[in-house]
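Take a look at the protein chain below. This report walks through its overall make-up and then a few selected spots.

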Amino acid sequence: ILFTSLIISVPFGSHIFAVSIGFMTIYPFLILVGILTILGFFHIRLISSKIEIFFLLFLLFWLLYAIGLSFISGFNEDAIIDIRSLLMMCLTSWVIIWTKSKLGNIRWQSVLGFSLKIVFFLLLFFSLFEFVSGIHFEGSFTNQMLLDSSGSINYAPIFLYDNANNVVAHMLICSALILLLEKNLKSKPIFIAFLLIVDLFIAVITSARIGTFISVTSIILTILNYAPSIYSWAKAELNRSKVIYIVITIVVMLLVFFKTDKYYGPYWVNQTEVVQSETVNVESPTGTEIVEVKTAPNKPLTKTEAENMNNDSLRLNYNSFKIRYGLLQNGIAFFRESNYLGIGPGQFRVKHKNGEIDYYTKTNISPHAYIIEVLAQFGALITALLLFLMCLLIYSNWKMNKDDKFKFGIFIISLLLFVAASFLPSGFLILEFNWIFVATLVGVSSNNKKRNGA
């Protein structure tokens, strides 16, 4: 019951039933992690998998390394936030690993999978409600809507996160976990299709391009994964005339859709398309000129270049790709200036707040990419160990499922969904589902000799 309650509380985080006790805030997820962490120490001897032990020791080393860096970079508020996130990742991962050892692999996967399905449908319900009604939980996101023109942003689900990208990230990781844990998945193509199509739908209505691309890629890979079964079925059930009818039907459907003019209502209008015909003032060598927004800069700008630009032009036309490129370049610069050791937890945000950057990123101060978040702040060693862990898990899973290519294919698809999710939120280290996913990935990729649930 405690374990199920813990997983169901993940998407809510500290947004509901939170109580401040002065020096910290307590909330259901934190309390449950604390209780289960203590209970886990009575079952520590059950853990025997080398991969699980390596994973837990790596997380402990990462935490200690981050604390050590903070003595150099400073224990400011942002550093404390990241150290707290690493501590919570350690504790949550410990809970995931020891409960698997206690319950046994089969029971553990069943309980965890059931809990995640509840979470998935909760997120789906609120996403559909927000999309249909345009009603959201109030926050800075909804306040911004009052300032901007109407567009798809008004219907994008944000749930409690105040950011549509966070909803997509949660949906992608949740569906990835369900795919990893579901039994007899090959016999459930409709179930797989439902999860991936929901992911695609949520990514589209939130204008999450990375999420849309990976969702489409995952659907294609799933179809390829089923290719042998589809071929066998088609060979047995379809004759030439049926194939011709199917092809003609699909062609007609595509022609009707692509060859007719369409009206796109406010659900599907991007915010930038609404304002692209406006004019703004742009500084030029000959003075101030009034130009259309579409003629404003179409390339990423350095901080110096941005300081010479008109603010209205940058606000309306400086898109997310340019911002992410700037964050990427700044992160690489931080990595190099730290002599590849990392600038320290939370310092990516601190440096952007202080203007110690090369590239302009508007008001965005967080990495928006997990790999850059880790590389810039924790350096080459932690990044290399994290990538080594992922490679080790891929190899271990392939070894376990070398006679079941379909299952290994689902593992790769789940990993792709996770990678896509890691590029969506402003910061990924702080995300509870990040802690859950990596620990679960370790759990399904390792065997426990003392208790395997068989």
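## Aromatic rings

Rings of Phe, Tyr and Trp (for Trp, the six-membered ring) count as a pair if their centres lie within 6.5 Å. In this predicted model, such ring pairs link Tyr370, Phe418, Phe428 and Phe437 into a cluster.

Searching the whole structure gives 21 aromatic pairs. Phe54 and Phe388 form one that is edge-to-face.

## The chain as a whole

The chain has 454 residues, and 47% of them count as buried. Its secondary structure comes to 19 helices and four strands.

The chain exposes about 23,100 Å². Carbon and sulfur atoms supply 65% of that area.

Which residues make the nonpolar surface patch? They are Leu2, Ile31, Ile35, Ile38, Leu39 and Phe42. The patch covers about 560 Å². Helix H2 (residues 28-40) gives the most to it, with four residues.

Leu39 lies in helix H2. The relative accessible area of Leu39 is 34%, so this residue is partly exposed. A patch residue must have over 30% relative accessible area. Leu39, at 34%, therefore passes that cut-off.

## A buried histidine

His170 is found in helix H7 (residues 164-181). Why does His170 count as buried? Buried means under 20% relative accessible area. His170 has a relative accessible area of 1%, so it is buried.

What lies around His170? Leave aside its neighbours within four places in sequence. His170 is then in contact with Pro11, Leu123, Tyr161, Leu431 and Phe433. The side chain of His170 also has a polar atom 2.7 Å from the backbone oxygen of Asn166.

Methods
Residues numbered from 1 in each chain as written. Predicted model: local features only at pLDDT ≥ 70, side-chain atom pairs only at ≥ 80, totals over all residues. Heavy atoms only, no water. Patch = residues over 30% accessible without salt bridge, like charges linked within 9 Å, V, L, I, M, F, W, Y side chains within 5 Å. Areas by Shrake-Rupley, 256 points an atom, 1.4 Å probe, with all protein chains shown as cover. Salt bridge = Lys/Arg side-chain N within 4 Å of Asp/Glu carboxyl O. Helix = DSSP H or I, 4+ residues; strand = E, 2+ residues; numbered from the N terminus. Buried < 20%, exposed > 50% of the residue type's maximum accessible area, 1.4 Å probe, protein only. Polar contact = N/O pair within 3.5 Å; in protein donor to acceptor, adjacent residues only side chain to side chain. Contact = heavy atoms within 4.5 Å. Phe/Tyr/Trp six-rings, centres within 6.5 Å; stacked < 30°, edge-to-face > 60°.
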